[in-house]
Amino acid sequence: MERRVFVRSGALALVTLGLSPRFLRRVVFAADLPAARRGKVLICLFQRGAADALNIVVPHGESAYYAMRPTIAIPRPARGTPSGAGTIDLDGFFGLHPALAPLLPLYAQRHLAIVHAVGSPSATRSHFDAQDYMESGTPDAKATPDGWLNRYLAAQGTCEAGRTRAPSTVSPFRAVALAPETPRILEGPAPTVAMSDLQEFSVRATGSQVERLEALYRTGSADIVHATGAESFEAVRMLRAANPQQYVPAVEYPRSPFGQRLQQIAQLIKADVGLEIAFTDVGGWDTHVNQGAATGQLAERLADFARGIAALVTDLGDRMADVAIVTMSEFGRMARENGNGGTDHGHAGAMFVLGGDVRGGRVYGRWPGLQPEQLFEGRDLARTTDFRAVFSELVSQHLGGAHLDAIFPGFSATERLGLV
Amino acid sequence: MMRGRDAGTVGVGRLVAAACARACARACAAVWVAVWVAVWVAACASPPRAGPREEATGRASARAERVLREFPAVSDFGRDLTTDQQVLQVLDRAAFGPRPGDVARVRRLGVDRWIAEQLTPDGIDDGAMDAFVARIPPDTAQSNGAADPRVVKVARAVASERQLQEVMVDFWENHFTVYAGKGRPMRDFLPAYDRDVIRPHALGHFRDLLGAVAKSPAMLFYLDNWRSGVRGLNENYGRELLELHTLGVDGGYTQADVIAVARALTGWSIDRPAQGGGFIFRPRLHDTGEKVLLGHHLAAGRGIADAEEVLDILARHPSTARFVALKLCERFVSDTPPPALVARTAATFTRTDGDLRQVVWTILTSPEFFSRAAYRAKVKSPFELVVSAVRALGGQPDSTRRSAQVIARLGEPVFGHQAPNGYPETGTSWMSTGAILARINFGQAAAAGRIPGASLDDWPAARILRTAPRAAQVDSVVGEILGGAASPDSRAILLSGGNPLDTGGGTPLRGLAQIVGLALGAPEFQRR
């Protein structure tokens, strides 16, 4: 955890044990709202548990799809207007699960792009290894210590800025995970914030006690507990000043934890706290049993997912011009349904990319087909696009980041998708 | 320093009096018992005094000497830590932190004897704890009238005399994690999972534990095996059994092995799950074909014996020994345990056929465990933080859900991890910006008496400290709550007195409560 110490060392050197309230207050002001700017924002949403891509973006033009999923397939699109029971056609071959109807207008307005048959070059069917690879950005290399989003943050300014400028010029809210623990994707040298709820992000004590508590974490010790604590106090002060909760959502979000987290991401964006990277995750995709078809378990997950994202986009309004949203899941699920009306672990999946600068309204990627000889290891949707190709384009084209070789070491995209 | 509360009590006055009376009866005349009990009940707030305590210690010492002989001899040669540090190390790692008086007690008994005793939980009287648990009101959400297993687990961690057993229960319930939110029947399965599946085997043999888990409705439901059959194979449990429960993800198995295990487990199911039924083997669902697992041939035409043999193979596989040894060393020693210790631990696992008492003995008596590098090197999990705070204050177990809710708010709800990998054993994962604020806030709440069971009024030291000078208060708090581990800087901050400019809202903590709040919220208390 050298980085935290390094980045914070300026402040640490200043705040010693004097506990003079006036002195501390000066530091408070110095740390106040760093040059707020309206930069680009990337929101990453992780569907943990391996979402069933074939029932999410349905290849209704494939007869093999219906043959392999006798009880859980999403029916072919109804002629004319989409009904609630069938696939919502996109292009005559692919369609959306009916629970994703809230996303259809975004697709029609060309703000939503879909990448199908996308995934990891690793063949693992372990949730945890596959999530690890998607977050480290280095498939099959477990020793990678940091996540790719953190490598972006580090390569793109934090540490360099820390060297030449006062630490307060980097917003503590540059990268925020709406999660109780720092996710793997954000682990690494650049400072990040993890919180389960904006409401909880405060110190519940009175003035001088807060100062003493802060001082306990600023006593110069270099370990992770001290460093994390010191960062927290700084972030709390800034959040209090920015007061994101004054921004009442323009729409109603789902009351689910996922919906509430998206609402808070929007509040942070509107409060101009310098947010550049936001992350949250949502579980419940590991549908081994009774996943349902047009309705049922997966449909309920998807309804919450789609309503949440649609609310976020509407709520952000004009701000969406600078925002991109990308969804990911560690792998897809078996092409054939299993004996319990569910699906076991598979290989390639699908990703959604939305935003003002996204070239939406089409399904990207080469479709590998679902005939037995086209399946990966004879059972799963094969992968034709590396997930790093999607991430790389978002980093370079949306965020304007360089250093792709440092962010995704050993990866070079063979062809550009042209998503952004 | 004041003597601690009797270790054998859980603070329920009547129970304590009864337990105390039993202990007395063996040593004192009947009239003395009557006097003792009368005095004790009359002065309910005052802790029991030396008489019965010393007797109990004498017996405990003899018992500990006896059980010590069940383990290979060890010497403290090569241990970096002083005796006092060794005492704190075992109380922080093999127990959920010291209660008032524990340090003196372990020092008297001897560290190795204490470990041996804790590794023999059946010999430790925990009657008061059992009586407390029996009186926890039934959970209305359970159709079987059982108490909420989350409440039971937290209460036992706080007040059980069998501390190492509770640490192991926490370890195994995380290793073999199940998720309360999986679906309706899970709530009914959890009490038995904690009570009958994990707890009796937590310091038993690994194969017995693995078998009990494999036949538990909780696991069969959580990983969907109860519906897996020859015509509808479900790989979920088979895969996690290899990856997370035994061999580890790099343990050398293939997709074909996953399928072989899943096929062997077909028919392992639940009898009437909606009614909370038990394990049942359904022969008609079983795949009787030949299977090959890790080079072993499982003959065709068998039934339940298939998966029993699979569990035998997995429990004795060297990858399992390594994987379980690594996780235990991560729990007890450090986030990056020395490979030599992991190797020795795995060797004990293999040599003793998975005898967990011997495995844990290898770890807890090793020079690596008593090394400078390992001392206070672990960050407390949310569960450990809350339980250790209540214990440090000499607090009482909580028969309500509130302690479990506090742990949940700190990010790791009991039986609340959705994915089958459990919570991480390593502390960096727990230390996020938001998490540390929640921890600091918890310390403030505990010092203000807002955490059930943890009140400064219960803290024996508080009685004389309330009127003591601030320096004496700080010395005591640093000694009792922070194990003497406060840095000079932290100590100076604890010493800094009331602030005239304090204009914050709410009721500010003052005096001793303020110092205790700072200590519980300090970086030093986040470590064990």
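The model is predicted, so local features need pLDDT of at least 70 and side-chain atom pairs count only at pLDDT 80 or more, whereas totals for chains, interfaces and linings use all residues. Residues are numbered from 1 along each chain as its sequence is written, chains are lettered from A and ligands numbered from 1 in the order written, and side-chain values use heavy atoms, leaving out hydrogens and water.

Let us start with the interface. Contact (heavy atoms within 4.5 Å) links 56 residues of chain A with 62 residues of chain B. Between them the chains bury about 4700 Å², 56% of it on carbon and sulfur atoms; buried area is the accessible area (1.4 Å probe) that two parts lose on being put together, summed over both. A:Phe128, A:Arg212 and A:Leu216 supply 14% of the area that chain A buries against chain B, more than any other three residues.

In one salt bridge, B:Arg527 meets A:Asp223, with the closest N and O atoms 2.7 Å apart. The side of chain A that touches chain B comprises 21 nonpolar, 22 polar and 13 charged residues, where Ala, Val, Leu, Ile, Met, Phe, Trp, Tyr, Cys and Pro count as nonpolar, Asp, Glu, Lys and Arg as charged, and the others, Gly among them, as polar.

Definitions and conventions. Salt bridge = Lys/Arg side-chain N within 4 Å of Asp/Glu carboxyl O.
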